[in-house]
Amino acid sequence: HTTIAITKELKEKIKEFGGKGETFEDILFRMYKSAVERQLNDILFNEEGFIPIEQAMVEARKKWPKSK
């Protein structure tokens with residue numbers, strides 16, 4: 001275990017995310033998991049370098065034409 005210093009204001013804000021009987025560790029761990037999921041979502045759905053599925057299919061057919 002470790003101790004971290006936070007303001008009373010931040011402590012109260014974190015507490016707002018908690019449910020009955022949850023510890024600060026429970027709350028912070030859930031917030032951490034949510035942040036990780038959000039980062040993954042941002043990476044997966046980033047439109048930078050995005051091409052429409054139709055264009056991707058055309059390019060795939062050029063690279064890998066069907067064998068007869």
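**Salt bridges and surface**

Guide: Let us begin with a charged pair: Lys13 and Glu9 form a salt bridge, and their closest N and O atoms are 3.7 Å apart. Please keep in mind that this is a predicted model.

Visitor: Where do Lys13 and Glu9 lie?
Guide: Both are in helix H1, four residues apart, which is about one turn of the helix.

Visitor: Are they buried or exposed?
Guide: Glu9 is exposed, because its relative accessible area is 56% and exposed means over 50%. Lys13 has a relative accessible area of 45%, so Lys13 counts as partly exposed.

Visitor: How many salt bridges does the structure hold?
Guide: There are four salt bridges in the structure. One of them joins the side chains of Lys15 and Glu12, at 3.8 Å from N to O.

Visitor: How far apart are Lys15 and Glu12 in the helix?
Guide: About one helical turn separates them, because Lys15 and Glu12 are three residues apart in helix H1. Lys15 is partly exposed at 44% relative accessible area, and Glu12 is also partly exposed, at 41%.

Visitor: Which residue forms a salt bridge with Arg30?
Guide: That is Glu22, and the closest N and O atoms of this pair are 2.7 Å apart. Arg30 has a relative accessibility of 36% and is partly exposed. Glu22 is partly exposed as well, with a relative accessible area of 29%.

Visitor: Changing topic, which residues form the nonpolar patch on the surface?
Guide: The patch is formed by Ile4, Ile6, Leu10, Phe17, Phe24, Leu28 and Met31. Together they have about 610 Å² of accessible area.

Visitor: Which helix gives the largest share of that nonpolar patch?
Guide: Helix H2, covering residues 24–44, gives the largest share, with three residues.

Visitor: And where is Ile4?
Guide: Ile4 is placed in the segment before helix H1, which spans 8–15. Ile4 is exposed, because its relative accessible area is 59% and the cut-off for exposed is over 50%.

Visitor: What is the volume of the largest pocket?
Guide: The volume of the largest pocket is about 300 Å³.

Visitor: Which residues line it?
Guide: The lining of the largest pocket consists of His1, Thr2, Thr3, Ile4, Ile6, Ile14, Phe24, Glu25 and Leu28.

Visitor: How do the lining residues divide?
Guide: Five are nonpolar, three are polar and one is charged. With three residues, H2 gives the most to this lining.

Visitor: What about Phe45, where is its place?
Guide: Phe45 lies in the loop between H2 and helix H3, the latter spanning 53–63. Phe45 is exposed, with a relative accessible area of 61%.

Visitor: How far apart are the C-alpha atoms of Phe45 and Ile4?
Guide: They are separated by 34 Å, and the two residues are 41 residues apart along the chain.

Notes. Residues are numbered from 1 along each chain as its sequence is written. This is a predicted model: local features need pLDDT of at least 70, side-chain atom pairs count only at pLDDT 80 or more; totals for chains, interfaces and linings use all residues. Side-chain values use heavy atoms; hydrogens and water are left out. Patches are made of residues with over 30% relative accessible area and no salt bridge: like charges are joined within 9 Å, nonpolar side chains (Val, Leu, Ile, Met, Phe, Trp, Tyr) within 5 Å. Accessible areas come from the Shrake-Rupley method with a 1.4 Å probe; for residues, only the protein chains shown count as cover. Helices (H or I, at least four residues) and strands (E, at least two) are DSSP runs, numbered from the N terminus. Buried means under 20% relative accessible area, exposed over 50%, partly exposed in between (1.4 Å probe, protein chains only). On a 1 Å grid over the protein atoms alone, a cavity is a set of points where a 1.4 Å probe fits but cannot get out, and a pocket is an open set with protein on both sides within 12 Å along at least five of seven lines; lining residues have an atom within 4 Å of a point. Grid points are joined across faces, edges and corners, and a volume is the space filled by probe spheres set on the points. Ala, Val, Leu, Ile, Met, Phe, Trp, Tyr, Cys and Pro count as nonpolar, Asp, Glu, Lys and Arg as charged, and the others, Gly among them, as polar.
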